[in-house]
Amino acid sequence: MEHIQMIRSIFGRGKKKNPAKVRNRDESIRSAKSGDVITIKGLSLETDDIYFFVERIHRYTTGSDVWYELVCRDGDNQVWIDWIDGYDLLVTATSDFNPRSLSSLGLDEEGLITLDEENTIDNYIEVDNDIYYYRNSSEVIFYQDGRGNGAGFYHWEFMRDDDSKVLSISKWENKPFEALFSDVIPSENVNLYKGDTDNTGHGR
């Protein structure tokens with residue numbers, strides 16, 4: 001009960017085209033800003049040939065770690081790209097932002113609390129016949145557009161046993177648990193093109 005109280009208290013398919021107003025190509029997603037253009041290979045056949053405009057960049061912090069979420073769009077097509085620097089640059093992406101419930105994954109709140117308490121990467125869960133290893137869980141602060149005082153939520157992260165997918169489970173105050181899957185994308189599969197306009201109101 002004490003841990004439950006702790007959690008509660010924290011809280012159209014586009015056609016290939018040339019991007020407008022693009023100047024220099026930049027190899028690193030680290031320098032992305034709103035107004036830039038991104039291509040991403042390996043997420044799906046539908047997104048391989050699309051130029052996505054970076055609309056917003058959100059920042060997340062937990063302890064000393066910081067990661068960024070790029071919200072990118074081309075017409076009705078949208079992708080969310082996350083990146084974090086660690087031993088290596090880790091990039092994940094998804095075009096499906098419809099969260100799943102814990103029950104649909106065969107999980108419950110008590111099990112997540114146990115994983116948080118034990119805090120070992122030897123633990124794993126089985127979801128849709130795939131094995132996902134526990135990686136971490138902690139309070140995270142979300143900064144919309146990288147600004148403001150931030151809002152807290154609790155976060156669990158799992159990596160599929162072949163390192164190809166990440167399962168993220170979030171619990172915001174007064175909201176149900178939400179689970180999202182994203183694909184691990186080789187950083188060289190993401191190309192960034194700097195836009196002519198630097199929108200200083202968004203991004204880092």
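Strands β8 and β9 pair in the antiparallel sense over 10 bridges, where strands are DSSP runs of E with at least two residues, numbered from the N terminus, and pairing requires that DSSP find at least two bridges between two strands. Within this pair, Y132 has R160 in β9 as its bridge partner. The model is predicted, so that local features need pLDDT of at least 70 and side-chain atom pairs count only at pLDDT 80 or more, whereas totals for chains, interfaces and linings use all residues. Residues are numbered from 1 along each chain as its sequence is written, and side-chain values use heavy atoms, with hydrogens and water left out.

Strand β8 also runs antiparallel to β7 (residues 124-127), to which four bridges join it. Y124 is the bridge partner of Y133 in β8. Two residues lie between β7 and β8 in the hairpin that they form, and D128 in the turn has a positive phi of about 50°. Three bridges join β8 to β3, again in the antiparallel sense; here T61 stands opposite I141.

The largest pocket has a volume of about 1,200 Å³. A pocket is an open set of points on a 1 Å grid over the protein atoms alone, where a 1.4 Å probe fits, with protein on both sides within 12 Å along at least five of seven lines; lining residues have an atom within 4 Å of a point. The volume is the space filled by probe spheres set on the points, which are joined across faces, edges and corners. Of the 39 lining residues, W67, D82, H155, E157 and S168 are the closest to the pocket centre. Elements that give two or more residues to this lining include β3 (52-62), β8 (130-143) and β9 (151-160).
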